[in-house]
Every structure is written in structure tokens, then in C-alpha cells.
Amino acid sequence: MVSETVAEPVVPVRRSWMAWLFVANLGLWLAIYAPIQILLPQQAEQLDKANKVFVFGVVTGVGAFVSMVVVPLIGFLSDRTTSRFGRRHPWTLGGSAVGAVGLGVLAEADSVHVMTIGWCLVQAGIGGMLAALMSTVPDRVPVVQRAQVGGLIGISQMLGTLAGAVVVTELVSGLPAGYLACAVIVVAGALFFVLRTPDTKLVEKPVRLTLWISPREHPDFAWAWLGHFMLNVGNALGTLYLLFFLGDVVHHPAPETGLLELMALYGVALTAGAVLFGARSDRSGRRKPYVYLASAVMALAALLLAVWPTWEAVLVAAPLLGFGFGIYMAVAIALLTQVLPSAADRAKDLGVVNVANALPQVVAPLLAALILANLGGYRGLFAASALATALAAVLMSRVRSVV
């Protein structure tokens, strides 16, 4: 029974399953990025206008550290869950509930300390939901469909970001209403996925009891992890302070509106990259050439902003960045699931992969603060983003078992 549960899937997943996974991920990313892009910066400015960059960096950095610790742990527990409701669904729904509580705390936060606690709860809950949802890909999706599904996850991330911006700037007003809207949406997405899709049931827990993955024993996983980490560092450096960049450097008269316009351009381009190149990758069975292409396009977008920090340049860079990230998201999920060390530990191993998503959120604010203060300001920041993104391709080239 256990071997059947962890066996590589061979039956193609249906479009309805993909659709519900898309809905759950849409709610997840909305609950993460609407706060990061708009609500948290606004709250940081309200609580301490003079130190808004520092406050925002500390809150997001501490929250990312929490996610970095929680996600592998929830993955570890998910791999060993023998609940009659399944091994993934309880963590998907429970994580969304914890995240919603954190968003409620943020809605009432009147100090930086309470704001930090709320965001840590959000990162812990949504991180647990992410660990469970991501593990369903190697659980149920055959290798020949994984770039297509990865592309849908990438599109859901983009649409979640865009929809979150629309919700908190156009459909509701005020920080409390914005946070509470995010809470309702993330729980609804999780609930639809849990109720509309089947889950595997584990009747016996795997024997392995370690969170450690040896780079010596699994070098391809190590190189893929490092490449994924560096690309996320580059992406974080290029996007975390975009709202402040629009206001302080570009001098856009309405930075929030400008950010929304950029996100729309970014989203259309990301969708095009994910759909076009995810399908090509699945048909050819090749992953790394598309990683190289994505890295080059994203690095070009960052360099454009480093050389030409104007609104016109941002209008060009945003779709370039989106197109590159769409290509990368489609093929990266496929590549990373193909180098997982153990089928019995998929969620835990993907949780370790997620450290490469979360750790840059800890590292990037610290690096950004150093660069903005001492190494060229925003020009230096975008140059560092381009360098990190290019290095990601070099590291990914060391993976041998995936072409």
C-alpha cells in the first residue's frame, strides 16, 4: 500500500484537477503577495514613516525565516500523515486557516511587534498550505505533464498577485478590509481544492526520519536547489522594493496605481511564457535550455532598470521580467520534482526546495539595505538582481540527470 502511494504517477491528471489546484494556488499567492506588494509597505509607513524601509524589511525577513523553518517541517509531517482524510488535504486546509488568523491579526495591528507576529502566522500557515499543495504535483502528475502544471502554478502566482492588488486597492478600502478579504479568499481556495479532489491515504508511515539531504549523495538536487535559490534572490532584489522605487526614484504621481499597471503587463507576459514554453518543454523532455533562456531574459530586465531608472524603462522591464519568470516557473517545477531524492519524502524534500523560495526573502532585504545605502542605490540593487539571476543559470547547468 505504501509503495503504491509513493510510486511515480503514470496516469495523466484531468483538466478539472488542474483547475482546482489552480484555484487553491491562486488564493495562496493572493494571500502572500497582496500584503507583500501593497498592504505591508503601507502599514510600515503608517506605523513608522521615517523608517518604513527598515520596518518592511524586518517584518518580511522574520516572516520568511518562519516560512523557511515551517515548510520542510510540515512537508515532513505530511509525508507521514495517516489521517482518514488523506495525507495532504488536512495540511492544505489547516494551513489556510492559520494563515487567515494571521491576516486577522495584521488587520488589527497597531505596532510593529504585532505586525510582525501577524505576518509570521501568515507565513507559517500559508507555508504549510504550500508544502501540501506542491507535493501533489509529484504525487499525481506524470513527468510528461509537469511543465504544463508548473506553468499553471506560475500563472496562478501571477494572477494571485494581480488579483490581490485589485482587491486591496479597488474592491475594498483600508488595511483591515484588505487583510480580511485575503483571509476569506485563501480559505475558500483551499476548501474548494480539498472538497473537489481526491487525496492519497497512507496506512503506514515511512521509516526515514531525517530532514537532512546530503549534497554528496544527491548532487543534482543540491545544484538545482542552489540555482533555484539564486534566481529567487535575483527576483526578490528586483521586486521587493518596487513600490518604493516608483515613488522615490521614478516619482510616479500614484505609485500604487503604477504598480498595478506594471503587474498587469507582467501578468500577461508571464502567462505567455508559461503556456508557450511549458508545453514545449513537456513535448521535448528538455528543461535546462528553458532555464537558461528565462535567466537571460530576467537578467536583461534588471539591467535595463539599472541603466535607465525611468517609468518608460519600467514599462519595458515589467513584461520582460514576467515573460522570463513564466518560462522559469513552468520548467523549474518540472526539473525540481525530477531530482527529488526520495519518493517517500516528496513533501519534505519539496519543503527543502521551498527554503530556496523563503531564504531569499530573509537575505534580500538585508542585501538590499546594504546596497541601497552603500553600493549605488537602486542602480546597484538592480545590477545585483541581474548578477544573481545569471548565476542561477550557471548553477543549474551542473545538474546532470535532467537535460
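Guide: Two residues are in contact when heavy atoms of theirs lie within 4.5 Å. By that rule Ile153 touches Leu21, Asn25, Trp29, Met134, Val137, Met329 and Ile333, not counting residues up to four places away in sequence. This is a predicted model, in which local features need pLDDT of at least 70 and side-chain atom pairs count only at pLDDT 80 or more, while totals for chains, interfaces and linings use all residues. Residues are numbered from 1 along each chain as its sequence is written, and side-chain values use heavy atoms, with hydrogens and water left out.

Visitor: Is Ile153 buried or exposed, and in which helix does Ile153 lie?

Guide: Burial is read from relative accessible area with a 1.4 Å probe on protein chains only: under 20% is buried, over 50% exposed, and in between partly exposed. Ile153 is buried because its relative accessible area is 4%. Ile153 belongs to helix 6 (residues 146-171); helices are DSSP runs of H or I with at least four residues, numbered from the N terminus.

Visitor: Which residues have the most contacts inside the largest nonpolar core?

Guide: In soluble globular proteins, nonpolar side chains tend to be buried together. A nonpolar core joins buried Ala, Val, Leu, Ile, Met, Phe, Trp, Tyr and Cys residues through side-chain atoms within 4.5 Å. Here the largest core has 120 residues, and Leu40 and Ile153 have the most contacts inside it. Helix 2 (residues 15-47) supplies the largest share of this core, 16 residues.

Visitor: How many cavities of 30 Å³ or more does a search of the whole structure find?

Guide: Rolling a probe the size of a water molecule over the atoms shows where empty space is left. On a 1 Å grid over the protein atoms alone, a cavity is a set of points where a 1.4 Å probe fits but cannot get out; a pocket is an open set with protein on both sides within 12 Å along at least five of seven lines, and lining residues have an atom within 4 Å of a point. Points are joined across faces, edges and corners, and volume is the space filled by probe spheres set on them. The search finds 2 such cavities. The second largest cavity has a volume of about 50 Å³, and its lining includes Arg88, His89, Asp139 and Arg140. That lining divides into 3 nonpolar, 3 polar and 4 charged residues. Helix 5 (residues 112-140) gives the most to this lining, with 3 residues.

Visitor: What lines the second largest pocket?

Guide: The second largest pocket holds about 240 Å³ of space. Of its 10 lining residues, Trp212, Ile213, Phe221, Trp225 and Val352 lie nearest its centre. Its lining has 10 nonpolar, no polar and no charged residues, where Ala, Val, Leu, Ile, Met, Phe, Trp, Tyr, Cys and Pro count as nonpolar, Asp, Glu, Lys and Arg as charged, and the others, Gly among them, as polar. Helix 8 (residues 219-239) provides the largest share, 4 residues.

Visitor: With which side chain does the side chain of Asp79 make a polar contact?

Guide: A polar contact pairs N or O atoms within 3.5 Å; within protein, one must be able to donate a hydrogen and the other to accept it, and residues adjacent in sequence count only through side-chain atoms on both sides. The side chain of Asp79 makes one with that of Arg88, at 3.0 Å. Asp79 is in helix 3 (residues 52-79) and counts as buried because its relative accessibility is 0%.

Notes: Helices (H or I, at least four residues) and strands (E, at least two) are DSSP runs, numbered from the N terminus.
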